[in-house]
Amino acid sequence: MSPVHYARCFNGILRREALRFLQQRERFVAALVRPLVWLLIFAAGFRSVLGVSIVPPYETYILYEVYITPGLIGMIQLFNGMQSSLSMVYDREMGSMKTLLVSPLPRWYLLLCKLLAGTFVSILQVYTFLAVAWFFEIDAPLYGYIALMPALVLTGMMLGALGLLLSSLIRQLENFAGVMNFVIFPMFFLSSALYPVWRLRESSPLLADIAMFNPFTHAVETIRFAFAGQINWESLIVSASVLVVFITLAIIGYNPARGTLSRKAGGPA
Amino acid sequence: MHGTRSETMNVLEVEDLAYSFGRNFALRDVTFVVAAGSFSVLLGPNGAGKTTLMSLITRLYDSREGKIRIDGYDLRTQTSQALSRTGVVFQQPTLDLDLTVRQNLYYHASLHGMSRRQTTERINEELNRLEMLERAGEKVRNLNGGHRRRMEIARALLHQPRFLLLDEPTVGLDVPSRQAIVNHVHALCRTSDIAVLWATHLIDEVFDDDRIIVLHEGRIPAQGTVTKVNRVAGGQTIAESFNRLTGRVSE
């Protein structure tokens, strides 16, 4: 297998993911409506309740809508990462995972391609969301939109890798609701997506500490600073390190010798 | 590349293979070969270990006990070479229903690193053979169960494997579609030098000149030609032999 074969494989996986995304209009609409509901309804209602003082990277007082936009971008990627990775292990989709894994290319490469393709889809979702949000006066300088791109690749990969890792570890996931309750909600609420961590600390230092250990907080802060055209090195380094750890563990999880797939099958069939 | 390819007339060689789920043995002492260009039926009742065996041959699972060689390549150390010579049709449908026939086939070809030009040629060849070329632009959702299965077989053949593996490919099909698929794959095997391993629990999918590997409770009680299996089991027909070997009451 030469580099050309590798490139063709990546191209094929990316194309499939993009085609599926465009075909599944409901998923696209859901991915768009979810953050918009938060932005246009939740944020409007809480604007007066949750005053946000000046926190970096912002230099002035900002509207609550502006504050939660990076958090909602993170939410889009979190949902997408869970959906694209975890959907593979559900019975309905298990077949497509098998089809992928019997390719002659190395398994780590196939999983990496799958992750990148899923991230690409999440980036499409994010920019569509931002285009709609722009009409509601949520905007950033042009370089913010450009700087956001590499940040989204990093955070999208990290959250996708988390989904992949969970799919290799958890034997039974009855449905997506379980993932919502035990992964998405805690990660989302225990982060800086909806309120700054210092604000959380006022009510509970413990929760604030947990939020600082939550990789999602660092994903959101990476996105927040990038969108403002700045870099938060701490969050960037944490996100990158977590990405490496998650990917490594996910690849180990999908090693046939470890038998994740066979444990999932639950015995002889 | 690790080691070298061993010269052989057998496309698949399985040697002393064992596998267990925790403390439960799923397979034990499994040894058999599939000769080049032959049609072999892996015949076993539900729960005999067919899917486990198929998963080991496609390296979805890995076993440290025993050896699997595909076209002379060791599956564990020469995985890429071995898998590139294998075509697989899984028991569950694995086509993307919302994509067109052609898009599904392109995706598969890309997983094997095939070029766009070569892929287009091969897709046209395979669809022509199925007389389905004019449906290439249709969504898979619009095809009936039998046609979907044929598409999956065509897909497994795109990269021109030496060896085609099918895990209960007729599950969920009506009788005429089932018969058509059975005939189609037998014909494929005859006309295009490809070895087939067909897993099933249905006796009537066996042709008289097929080779049979009976799998029961993770072991192989008999294998060979229909005549040989009948002799070993002491049955008059393959159905009777199968029932005797698997402890079922003769109907």
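1. In this predicted model, V214(B) touches L43(B), G44(B), I220(B), P221(B), A222(B), Q223(B), V229(B), F242(B) and L245(B), a list that leaves out residues up to four places away in sequence.

2. V214(B) also belongs to the largest nonpolar core, which has 144 residues, and together with M158(A) and A161(A) it is among the three that touch the most other members. Helix α6 (residues 142-169) of chain A supplies the largest share of this core, namely twelve residues, while domain 1 (1-85 + 164-251) and domain 2 (95-160) of chain B each contribute at least three. As general background, nonpolar side chains in soluble globular proteins tend to be buried together.

3. Where the two chains meet, 33 residues of chain B are in contact with 30 residues of chain A. On the side of chain B that touches chain A, at least two residues come from each of β2 (24-35), α1 (50-57), α2 (79-84) and α3 (101-111), and α3(B) gives the most, with five residues. By class, this side of chain B holds 13 nonpolar, 16 polar and four charged residues.

4. Within chain B, the division is into domain 1 (1-85 + 164-251) and domain 2 (95-160), and the centres of these domains, taken over C-alpha atoms, are separated by 25 Å. Ten residues of domain 1 of chain B are in contact with nine residues of domain 2 of chain B. Helix α6 (residues 175-191) of chain B gives the most to the domain 1 side of this contact, with five residues, and that side is made up of six nonpolar and four polar residues, with no charged ones.

Terms used:
Residues numbered from 1 in each chain as written. Chains lettered and ligands numbered in written order. Predicted model: local features only at pLDDT ≥ 70, side-chain atom pairs only at ≥ 80, totals over all residues. Contact = placed C-beta atoms within 7 Å. Helix = DSSP H or I, 4+ residues; strand = E, 2+ residues; numbered from the N terminus. Nonpolar A, V, L, I, M, F, W, Y, C, P; charged D, E, K, R; others polar. Domains from an automatic or database assignment. Core = buried A, V, L, I, M, F, W, Y, C linked by C-beta atoms within 7 Å. Buried ≥ 20, exposed ≤ 12 C-beta atoms within 10 Å, placed from the backbone.
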